[in-house]
Amino acid sequence: MSKRKKELGSEYKAIKFITELSIDKASQVLSKLLKTGCKIELSDAALYDITDFSQQMFEKNEEIAGAMTDLIGDASFKFLFWVAIEDSLSLADLLMRKSIGTTKKFDIYAESSIQEICNILASSVANIFARDFSISLKPTPTKVFCDYSGVVFGEVIQTLALDVDEIMIIETIFNAVNYKIRCSMFLLPQAGSIETLNFLTGMV
């Protein structure tokens, strides 16, 4: 990761707390969907300089599959989920209850699997906001992509640099059927959302 990684400040503690609750909820939903044990673990949550992280994504530039949705309401966010293309095929096999390695390419089934996972994760975040903090938040239709990380980051996230200098990166690990898949979630607040969230939750 970037050398300019920073610990989360007090203004982000509500988001981290909500994310932890959301991950637990998403684990339960995925376990029911897969009809087997599935645990999503929070691996890392930190702030990164947006310019520095952008450069890292362009340098790494791995092929990824993922999905993005806007969470709109009292405090709006961009929600982005992605995973290395090889691991996206494994996720497709898990969701379709096939042996790992069955899916060989990113096809319509793999695409729908990524979309379903993004919907589950984003809906879990929105539900936690609504249930525990009485904040109106709902996801917009999900857009699925298969591209290189540098391209995706440049097109989808870099627009936020007009309003913020730092981004919150959340890294997760999926543990399902004894198979570990490292994924990244980006929960990116729009301008003013941090202040609104902390005011509404009273966490500052």
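**Close-up views of a predicted model**

Three bridges join strand S3 to strand S5 (residues 137-139), and the two run antiparallel. This is a predicted model, in which local features need pLDDT of at least 70, side-chain atom pairs count only at pLDDT 80 or more, and totals for chains, interfaces and linings use all residues. Residues are numbered from 1 along each chain as its sequence is written, and side-chain values use heavy atoms, with hydrogens and water left out.

View 1. Two strands pair if DSSP finds at least two bridges between them. Helices (H or I, at least four residues) and strands (E, at least two) are DSSP runs, numbered from the N terminus. Leucine 71 stands opposite proline 139 in S5. S3 also pairs with strand S6 (residues 143-148), in the antiparallel sense, over six bridges. There, glycine 66 has phenylalanine 145 of S6 as its bridge partner.

**View 2. S3 and S4 form a hairpin.** Three residues lie between the two strands. S3 covers residues 63-73, and its antiparallel pairing with S4 spans eight bridges. Alanine 65 has valine 83 of S4 as its bridge partner. Aspartate 70 stands opposite lysine 78 in S4.

View 3. All eight of the eight residues of S4 (residues 77-84) are buried, so the strand is largely enclosed by the rest of the structure. Buried means under 20% relative accessible area, exposed over 50%, and partly exposed in between (1.4 Å probe, protein chains only). Seven bridges join S4 to strand S8 (residues 179-189), and the two run antiparallel. Lysine 78 stands opposite leucine 188 in S8.

**View 4. The largest pocket holds about 220 Å³ of space.** Of its 15 lining residues, the closest to its centre are Lys60, Glu62, Trp82, Glu171 and Ser184. On a 1 Å grid over the protein atoms alone, a pocket is an open set of points with protein on both sides within 12 Å along at least five of seven lines, a cavity is a set where a 1.4 Å probe fits but cannot get out, and lining residues have an atom within 4 Å of a point. Grid points are joined across faces, edges and corners, and a volume is the space filled by probe spheres set on the points. Helix H2 (50-60), S4, strand S7 (166-176) and S8 each supply at least two residues of the pocket lining. By class, that lining has nine nonpolar, two polar and four charged residues. Ala, Val, Leu, Ile, Met, Phe, Trp, Tyr, Cys and Pro count as nonpolar, Asp, Glu, Lys and Arg as charged, and the others, Gly among them, as polar.

**View 5. The largest cavity has about 60 Å³ of space.** Two cavities of 30 Å³ or more are present in the structure. Lining the largest are Leu30, Leu34, Cys38, Leu91, Leu94, Leu95, Ile117, Phe174, Ala176 and Ile181. Helix H1 (13-34), helix H3 (85-95) and S7 give two or more residues each to this lining. H3 gives the most, with three residues. The lining divides into ten nonpolar, no polar and no charged residues.

View 6. Buried residues make up 50% of its 204 residues. Among contacts (heavy atoms within 4.5 Å) with a separation of 6 or more, 75% join residues 24 or more positions apart.
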